Amino acid sequence: MKKVSFLIVFVLLAVGFIACRKPPTDQEVENGFDKTAMLTYYADNIIVPGYTAMVEKMQALESASNTFLAAPSGDAQATVKEAYKQAYLQYQKVAAFQFGPAETALLDLYLNFSGGLDYSFTTSGELTGFSVDTNTIENNITTGNYNLANMSRSSFYSQGFPALNYLFFAPGAIEKYSTNTAARVAYTKAVITRMATLVNNVSTGWTAYRSEFIANTQTNVGSPIGNMVNQMAYQMDLLKGPRLGWPLGKQSNGIVFATKCEAYYAGFSVALAIENLTNLKRIYVGGEGKGFSAYLVALGNEQMNNDVLAQFDAALSKLQLIPDPLSNTLTTQPQTVDAAYKEIQKLLTLLKTDVASATAVQITFMDNDGD
Amino acid sequence: MADSILNYVKSLRDRQVSIAPLVTFRIVFGLLMFAGILRFWWRGWITSVYVLPEFHFTYTGFDWVKPLRADGMHLLFALIALAALFIALGFLYRVATVIFFLGFTYVELIDATTYLNHYYFISLVAFLLIFLPANRDYSIDARVRPGIRRKFVPAWCIGIIRFQLGIVYFFAGLAKLNVDWLFNAQPMRTWLPAKTHLPIVGPYMYEAWVAYLFSWFGAIYDLFIVFFLLNRRTTLAAYAVVVIFHVATAIFFPGIGMFPYVMISCTLIYFSGAFHEKLLSLLPFYRKGSEVTVYRYKYPKALSWGISIYILIQLIVPLRFLAYPGKLFWNEEGYRFSWRVMLMEKSGAAYFKVTNKEKTQYFEVNNAEFLTPLQEKMMSTQPDMIVKYAHFLADEYKKRGVNEPQVYAEIYVLLNGDRSKLFVDTSVNLAAQPQGFVHYSWVLPYNRK
């Protein structure tokens, strides 16, 4: 009996030992869906080109801005506005990749601070959502004493796209450059330089991070697939909350917060929201049979995939009915905004429950033990 | 029935066996708990789970349990860790076990969203250890006061821990005997395709038969492993299976944390006294004793009753779900404290709306304002937490000036590879619904497609 016991132990240990050896590469392909190919597609066709384009748009913005700052005028302002819009739209295309190099750079905090989701949106005085901290900006200009690398809400709210939004496009923006000109120009340049530097860092960071990204096909918290699904859900949460629902007064019994719209002064909030959601769909679909859409089908969830695609289109078509500037539409046609809001919530539900569950991804931005 | 149980308990109470298994158990359990507490601390979970949240999902009857502030919470964890270390060393054992049990249980009672089966198991074992003479040999206590040293203890001292572990496995096995687990291989079919990165076995994770194999093997293992551990002739082989099984679960499901290691360590208790004496003699300072020194309890009658009641509670609590109508996995009435481990895949999205009594005001609730992501995730699928949160929201919005707030929820929940479905009646004011052990009639019935 003892011998038999030891034999069993030996065999089981041997099996365990073999099972624990290092992986030979490229073997998950043969029986099912190739996740490495999916991640490779995302990296090479969507993420890396997205950041490369972002670098270029920042360069264009910087040169348009320099022209304006050298001689502020209405024409120059219009040029800056177009470059600003292009850069901002491009940012929406990479906003959902807030992990890896972007997480290291804290790109979302410094470029386009959303205020986070954990704040009450019921008082207009507080800095929440896509607010701009105009006091801090003016103070920074006057004192010349600031460090844009500071990690604080007022620091995030006084740089990046929101700060440029105020500096270039707020009422009387051009006139403001005629007093304390040197300091105001210097601050504007500092903001743009910092944005360009961060974007460059992330873009070059992906050269090294790419191999790590495509090699990890796990789905746990912090894995590339886990991050992608969580970021899609998070961007949906931002759409439902700070981008549309909260300025509309969903949290506040209909009290509208028009100034908290994304890009309030420039007035193309809806265009940004559409670009954001269009890009989420692009991420979901992927391409060439490589993407979450194809993955769900491979797992036998064809109907779910159809429903998600249809809901993306439903939400997008409702979004497209909202006229810009959103800050006006919130009061003139709240029902149009509300209609989009409802479709976005449906899509969010599908992503958070059906898609996350089918891909075995935990929707949580925090690590924890389970069961 | 009650008589035969009492007689069996009596024999366990009076028969004397080697103390060695209990000593090993004490050391292993203490060290593991020490490591576990440090791990929890090191990962920053004391702060993220107990300090940062402004609202906690307390247990019915334990609403008075509140977290301490940051300093106090860390101090409490330090105290629990120290107590665990003292248990391992057998130093001030009785005090250490009482502190560990109370401290650990207090922490677990703070928030139901952190409930884990193995935390409950740890609390139970810690409670038992208070009454077990595990420090009577190879301990600092016995070193300082050689008079308390004993080589034999009543058989129930070992038996009760074996019973407790047996309960964990057996009920975990019983819980798996359901249609989803056995005949749809859910949730394994959902979870395994996410494990294709594993070496060797990875490519097979998309295969349905593998999910069935995992499900059936898991159920059979849970149901029967205890009997092979108890049988002297198969203990060793069964233990090898225990080790391999739990190492495999740790590799496949790293998210279950300490559980595999708790089980691997604790099941050592099934080995014989002779085995443990041999094991302990490998350690420094261990002295074999030829003298027959026997540990006796002062109040045998009270002890018999105590043990019997404990055993009955352990047998009844996991079955209490039978008293509730509806589908257990959907309603989760009587789900916790029943050894349902890694049993289902459930996810949800919950949207709450608050109105005043006159229905002239509408506020959509931003869950992130009140809950951590972990709390929100847990609350979204568990009715008792949903209703507790609704009551909290009513209080909160009352403070904000809303007249007699009413709370309505639109919640979608997905269970075991099905699609997400509406979970609760959207027309019910949840803030007016009773909490506690009642049946939640506002949860919509479960209909599979």
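Tutor: Start with one pair. B:G348 has B:V413, in strand 5 of chain B, as its bridge partner. A strand here is a DSSP run of E with at least two residues, a helix a run of H or I with at least four, both numbered from the N terminus.

Student: What kind of model is this, and how are residues and chains labelled?

Tutor: It is a predicted model: local features need pLDDT of at least 70, side-chain atom pairs count only at pLDDT 80 or more, and totals for chains, interfaces and linings use all residues. Residues are numbered from 1 along each chain as its sequence is written, while chains are lettered from A and ligands numbered from 1 in the order in which they are written.

Student: How do you know that strand 3 and strand 5 of chain B pair?

Tutor: Pairing needs at least two bridges found by DSSP between two strands. Strand 3 (residues 346-355) and strand 5 (residues 406-415) of chain B have ten bridges, in the antiparallel sense. They pair.

Student: What makes strand 4 and strand 6 of chain B edge strands?

Tutor: The open sheet has four strands in the order 4-3-5-6 in chain B, with antiparallel pairing. Strand 4 (362-364) and strand 6 (421-422) of chain B each pair on one side only, and those are the edges.

Student: Which helices lie across strand 3 and strand 5 of chain B?

Tutor: Helix 16 (residues 334-358) of chain A does, at about 155° to strand 3 of chain B. Helix 19 (residues 383-399) of chain B lies across strand 3, strand 4 and strand 5 of chain B, at about 150° to strand 5. Axes are lines fitted to C-alpha atoms, for helices over the stretch in contact, and angles run from 0 to 180 degrees between N-to-C directions.

Student: Why is B:G417 called buried?

Tutor: The cut-off is 20 or more other C-beta atoms within 10 Å of its own; 12 or fewer is exposed, in between is partly exposed, and C-beta atoms are placed from the backbone. B:G417 has 22, so B:G417 is buried. B:G417 sits in the loop between strand 5 and strand 6 of chain B. Across chain B, buried residues make up 44% of the 449 residues.

Student: What does B:G417 contact, beyond its neighbours within four places in sequence?

Tutor: Contact means C-beta atoms, placed from the backbone, within 7 Å. B:G417 contacts B:Q186, B:P187, B:R189, B:T190 and B:E345.

Student: How many residues join chain B to chain A?

Tutor: 51 residues of chain B are in contact with 53 residues of chain A. Helix 12 of chain B gives the largest share of the chain B side, six residues. By class, that side has 29 nonpolar, 14 polar and eight charged residues. Nonpolar means Ala, Val, Leu, Ile, Met, Phe, Trp, Tyr, Cys and Pro; charged means Asp, Glu, Lys and Arg; the others, Gly among them, are polar.

Student: What makes chain B as compact as a globular protein of its length?

Tutor: The rule is 2.2 Å times the number of residues to the power 0.38, and the radius of gyration is taken over C-alpha atoms. The rule gives 22 Å for 449 residues; chain B has 24 Å, close to that, so chain B is as compact as a globular protein of that length.

Student: Which domains does chain B have?

Tutor: Domain 1 (2-322) and domain 2 (345-432), with bounds from an automatic or database domain assignment. Their C-alpha centres lie 36 Å apart.

Conventions. Two residues are in contact if their C-beta atoms, placed from the backbone, lie within 7 Å.
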